[in-house]
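Hi,

Here is the structure I promised to pass on.

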Amino acid sequence: MLLLPLIALFGEATASQGVAKDVERSLVVKKVPDHVRPYAIRAYTLDGYQVGSQVYRFPVTGPSSGNAFTLISTAAPASSELGVLPQIHQAHYENFYNLRGRFALWASKDNTTAGRIFTPGDYGAVPQNTTHSFQTLDPFTEMVGVIQPGGFEELFYFLATANYTSSTYAPFPQGNFTSPGGDADTISKLQKLDVWAQLQFSPPIDFDANGISGDKGAVWKNGTNELAKDSTTPFFVAKGYGPKYLSHSTTNVSYIVEPRGHNHIIPISFQYASRQLDAARSYSTGDCGWPSGCKSTRLRGIES
């Protein structure tokens with residue numbers, strides 16, 4: 001008679017362990033894991049952290065990446081003010097990618113200041129010790145940031161003026177809010193979070209028709225954008241204007257990839273038809289055969 005309750009309890013414990021394992025195996029989550037594991041998150045389902053009119057979400061955090069990086073999603077309306085006051089990070093390398101709308105990004109280092117107007121697909125690299133700021137320009141602007149190493153989300157946990165959730169998955173709230181960039185007194189006290197205020201910096205706003213300010217005469221959406229030659233120099237790559245390479249596979253599927261920085265390769269087109277591949281072949285450089293031979297062929301004249 002006593003065995004039945006024990007068996008029932010053992011069965012419940014085993015079932016609970018099974019449920020826990022099923023939850024662990026579920027790829028789609030609504031809360032970022034606190035450890036490294038595969039997972040997926042639907043857009044705008046994460047709780048956000050509101051700073052002025054901006055809402056920050058963190059699909060990847062320090063703990064969920066083994067402290068390798070933090071992935072930040074920023075959604076905001078247009079603003080007449082800077083999104084953040086000018087600052088540098090001594091320990092963190094910041095990558096900006098435009099997902100929706102337009103924003104201006106400025107980067108200044110070693111007596112060189114450059115600004116660009118970003119449209120979807122554009123990329124900017126802000127290494128350590130680079131003064132930078134941004135400003136959202138369209139009614140619905142969304143950017144994605146990758147910051148290395150991980151843990152940078154702690155800054156926004158500290159700065160947030162409110163938590164943000166939406167039953168309709170709205171990317172950000174409507175209404176009038178305080179300046180998203182914060183105040184000079186607050187930003188000057190954030191050194192422990194690797195934010196070092198550079199309040200003397202005044203970003204140049206005289207953008208030309210090509211979306212360039214500061215380094216007039218530079219190439220943006222009128223020619224090939226070169227990657228930086230080292231990991232300490234800031235640079236920008238407009239969508240479709242970076243260097244491109246053709247990568248072959250053993251399954252007769254080829255990829256055009258466009259590097260956006262050191263150790264970053266972003267596929268921009270997949271499964272080209274044979275007719276397109278033949279056209280691409282005429283632009284290839286190098287002496288390798290087609291389709292066998294070299295693994296990666298530099299292309300000229302092919303856009304995404």
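Before the rest, some housekeeping. This is a predicted model, so local features need pLDDT of at least 70 and side-chain atom pairs count only at pLDDT 80 or more, while totals for chains, interfaces and linings use all residues. Residues are numbered from 1 along each chain as its sequence is written, and side-chain values use heavy atoms, with hydrogens and water left out.

Back to Gln 198, which sits in the loop between strand 12 (196-197) and strand 13 (212-213). Helices (H or I, at least four residues) and strands (E, at least two) are DSSP runs, numbered from the N terminus. Setting aside neighbours within four places in sequence, Gln 198 touches Pro 86, Gln 87, Ile 88 and Thr 131 (contact means heavy atoms within 4.5 Å).

Ile 205 also belongs to the loop between strand 12 and strand 13, but Ile 205 is exposed, with a relative accessible area of 66%. From C-alpha to C-alpha, Ile 205 is 8.0 Å from Gly 115 in space, and the two are 90 residues apart in sequence.

Eight strands make up an open, antiparallel sheet in the order 11-1-2-3-10-5-8-14; two strands pair if DSSP finds at least two bridges between them. On average, neighbouring strands here are turned by 25° against each other, direction ignored (axes are lines fitted to C-alpha atoms, for helices over the stretch in contact, and angles run from 0 to 180 degrees between N-to-C directions).

Within that sheet, strand 3 (residues 70-76) and strand 10 (residues 141-148) run antiparallel and are joined by seven bridges. Thr 74 lies in strand 3, and its bridge partner in strand 10 is Met 143. Thr 74 counts as buried, at 6% relative accessibility. Beyond neighbours within four places in sequence, its contacts are Gln 54, Val 55, Tyr 56, Thr 141, Glu 142 and Met 143.

As for the whole protein, there are four helices and 18 strands, and 40% of the 304 residues count as buried. Among contacts with a separation of 6 or more, 65% link residues 24 or more positions apart.

Cheers

How values were computed. Buried means under 20% relative accessible area, exposed over 50%, partly exposed in between (1.4 Å probe, protein chains only).
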